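Colleague: I am new to this structure and would like to learn how to read it. Could you take me through some features, giving the general idea each time and then the case at hand?

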Amino acid sequence: STGLQAQEKYQLDSDNFTLKIKGTSNAHDWDMEAEDVSGELSAKVQNSLIEQFNAADIKIEAEKLESGKSIMNKKTYEALQSEEHPKIKFQLKSVEDLYSAGSSFSGKAKGVLSIAGNSRTVSIPFSGKMNGEDQFSVSGDYSLKMTDYDIDPPKAMFGTLKTGDEVTIKYDFVFKETSGMLTNKNKSNK
């Protein structure tokens, strides 16, 4: 018998995600947490196994990165040029080394990461698992240098406090299928 096969659309669960940016400075390590992340993707799923990711678009509101310290927030928003470039974006171009076994999967998301108006092609590792038929979780971490995006690492206290150039982005997302939700909404509106 042939299994169920479909091209499904998924939306990032806005109540079920974490995205942290971790870095260093000459005084102490620091981190910021994203409070507003949105995203959608499409994937080929067969028998509750991910066979292929076809598209993904993730957006992070730059001014919704929160450190708990207003001066650090302000310096970060300035460094990210958040007024001119309010979103940090990742757009998937392809998936490399996709491996699926049981409900688990892993691979590398190759795509364009845009920060402060500068875009670079990157390859971000991920791992995840299906959480039933209509949702999955995916997580990973990725390190980058701010200067690769023409960002001057933020400084404070007249330049005596300097952040390191390298930061690590650590993410944990849950995506829920939208295909069924859209169908049900359309039926209830008629």
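Modeller: Gladly. Let us begin with burial: a residue is buried under 20% relative accessible area, exposed over 50% and partly exposed in between, using a 1.4 Å probe and protein chains only. Phe 126, at 9% relative accessibility, counts as buried. Please keep in mind that this is a predicted model, where local features need pLDDT of at least 70, side-chain atom pairs count only at pLDDT 80 or more, and totals for chains, interfaces and linings use all residues. Residues are numbered from 1 along each chain as its sequence is written, and side-chain values use heavy atoms, with hydrogens and water left out.

Colleague: Thanks! Which aromatic cluster does the structure form?

Modeller: First the rule: rings of Phe, Tyr and Trp (its six-membered ring) pair if their centres lie within 6.5 Å; planes under 30 degrees apart count as stacked, over 60 as edge-to-face and the rest as tilted. The structure holds nine aromatic pairs. In one of them, the ring centres of Phe 53 and Phe 126 are 5.7 Å apart and the planes stand at 85°, so this pair is edge-to-face. Phe 53 is in strand S4 (residues 49–61) and Phe 126 in strand S8 (residues 118–130), so the pair ties together parts 73 residues apart in sequence. Helices (H or I, at least four residues) and strands (E, at least two) are DSSP runs, numbered from the N terminus. Phe 53 is buried too, with a relative accessible area of 11%. As for the cluster, Tyr 10, Phe 53, Phe 105, Phe 126, Phe 136, Tyr 171, Phe 173 and Phe 175 form it.

Colleague: How many bridges join S8 to strand S9?

Modeller: Two strands pair if DSSP finds at least two bridges between them. S8 and S9 (residues 135–145) run antiparallel and are joined by four bridges, with Ser 127 opposite Ser 139 in S9. Their hairpin has four residues between the strands, and Gly 132 there takes a positive phi near 95°. S9 also pairs with strand S12 (residues 166–177), in the antiparallel sense and over 11 bridges; here Ser 143 stands opposite Thr 168 in S12.

Colleague: Last, what about Asp 13 and its salt bridge?

Modeller: A salt bridge is a side-chain nitrogen of Lys or Arg within 4 Å of a carboxyl oxygen of Asp or Glu. The structure holds eight of these salt bridges. Asp 13 forms one with Lys 176, the closest N and O atoms being 3.6 Å apart. Asp 13 lies in strand S1 (residues 5–23) and Lys 176 in strand S12, so the pair ties together parts that are 163 residues apart in sequence. Asp 13 counts as buried at 13% relative accessibility, whereas Lys 176 is partly exposed at 34%.
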